[in-house]
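Dear colleague,

Please find the structure below, handed over for your use. My notes on what was found in it follow.

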Amino acid sequence: MEIVNFTPVPAFIGGALIGLSAALLLLLKGRVAGISGIAGGIILPEKGDVPWRVLFVLGLILGGLIYQFFDLGPDVALIEAQTDKGMLIVAGLLVGIGTTVGTGCTSGHGICGLARRSPRSLVATLTFMASAMVTVFMVRHLGGA
Amino acid sequence: MMPLIAALVAGTLFGLGLAVAGMIDPAKVVNFLDIFGTWDPSLAFVMGGGLLVNAIATPFIMRRKTPILAEFFRTPTKHQVDKRLIIGGVLFGAGWGIGGYCPGPMLTSLSFANSDIIVVVGAYVVGTFLARTMLRAWERDQLTQAQKDQ
């Protein structure tokens with residue numbers, strides 16, 4: 001193992017902002033800040049529950065724009081995809097299907113669910129973390145999934 | 001109006017947090033997941049920071065009878081672990097490992113959308129739509145079956 005690009009301070013500050021966002025959404029709207037759940041309710045909507053979700057997602061994009069405008073970290077122009085477009089399609093499909101079937105993603109289960117001490121979220125978080133680590137091991141060290 | 005502003009502010013804080021944390025860079029995410037290779041432990045601090053704030057705040061918030069701008073809390077009530085949860089976690093983890101994108105960073109990255117981001121978000125939307133459609137049909141079947149059994 002070799003440790004690279006370790007940036008604990010911005011990581012912690014960014015994490016704290018995410019936690020603050022989740023606490024705010026719960027306090028004001030009584031909702032869990034799970035991104036896949038919020039986005040899923042736009043992609044195939046339930047009755048009368050869409051506008052706040054759209055504004056939350058627009059907020060995500062606005063947050064990204066604020067980061068770029070004030071140069072709050074590494075330049076986004078340096079960001080590169082980790083795989084080709086064909087595999088990005090596979091990745092996107094798996095993330096969409098997996099988070100829908102498993103009722104949550106890194107935020108809903110990882111940040112919000114664990115804070116509520118939900119046993120379901122603990123199992124989900126351990127499962128997707130392990131699956132992701134195994135996948136990266138196969139792709140990077142065994143030469144292809 | 002106020003609940004919508006609250007959603008926009010919460011979303012903005014969330015997106016800003018993801019960007020500052022470095023989660024919008026899939027290379028950083030994949031390096032975090034690569035514990036046997038070039039490991040970047042930073043994202044453990046993202047989760048640590050997020051959990052710390054949220055785990056302290058959540059019990060205080062849940063002591064209230066209602067949220068400030070809504071009639072009731074809508075937090076998940078289900079407790080038992082089922083097969084669906086595990087299957088979903090395995091599929092999501094595989095996709096996260098291949099691309100380095102989970103839903104939040106994917107959508108935040110639309111703020112500098114290039115063709116790669118459009119492709120991965122497009123596939124995510126299609127995957128979510130298909131899974132939600134199929135689950136809805138399946139749940140309806142289960143309900144009809146349960147009614148027949150009675």
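**The contact between the chains**

About 9,900 Å² of area is buried between chain B and chain A, and carbon and sulfur atoms give 76% of that area. Three residues, Phe14(B), Leu85(B) and Ile98(B), supply 7% of what chain B buries against chain A, more than any other three residues. Please keep in mind that this is a predicted model.

**Polar contacts and salt bridges**

Between chain B and chain A there are 31 residue pairs in polar contact, counting pairs with both residues at pLDDT 80 or more. The salt bridges between chain B and chain A come to five. Which side chain does Lys85(A) meet in a salt bridge? The partner is Asp116(B), with a distance of 3.1 Å from N to O.

**What chain B puts on its side**

**A strand pairing across the two chains**

E1(B) also pairs with a strand of chain A, namely strand E1 (residues 2-3). In which sense do the two strands pair, parallel or antiparallel? The sense is parallel, and the pairing runs over two bridges. Within this pairing, Thr38(B) in E1(B) has Glu2(A) standing opposite.

**Chain A by itself**

Chain A holds one strand and six helices. Along the sequence, the pattern of chain A reads β-α-α-α-α-α-α. Taken along the principal axes, the C-alpha atoms of chain A fill a box of roughly 45 × 40 × 30 Å.

How many residues does chain A have, and what percentage of them is buried? Chain A has 145 residues, and 52% of them are buried. Among the contacts in chain A with a separation of 6 or more, 30% come from residues 24 or more positions apart.

Regards

Definitions and conventions
Residues are numbered from 1 along each chain as its sequence is written. Chains are lettered from A and ligands numbered from 1 in the order in which they are written. This is a predicted model: local features need pLDDT of at least 70, side-chain atom pairs count only at pLDDT 80 or more; totals for chains, interfaces and linings use all residues. Side-chain values use heavy atoms; hydrogens and water are left out. Buried area is the accessible area (1.4 Å probe) that two parts lose on being put together, summed over both. A salt bridge is a side-chain nitrogen of Lys or Arg within 4 Å of a carboxyl oxygen of Asp or Glu. A polar contact is a pair of N or O atoms within 3.5 Å; within protein, one must be able to donate a hydrogen and the other to accept it, and residues adjacent in sequence count only if both atoms are side-chain atoms. Two strands pair if DSSP finds at least two bridges between them. Helices (H or I, at least four residues) and strands (E, at least two) are DSSP runs, numbered from the N terminus. Buried means under 20% relative accessible area, exposed over 50%, partly exposed in between (1.4 Å probe, protein chains only). Contact means heavy atoms within 4.5 Å.
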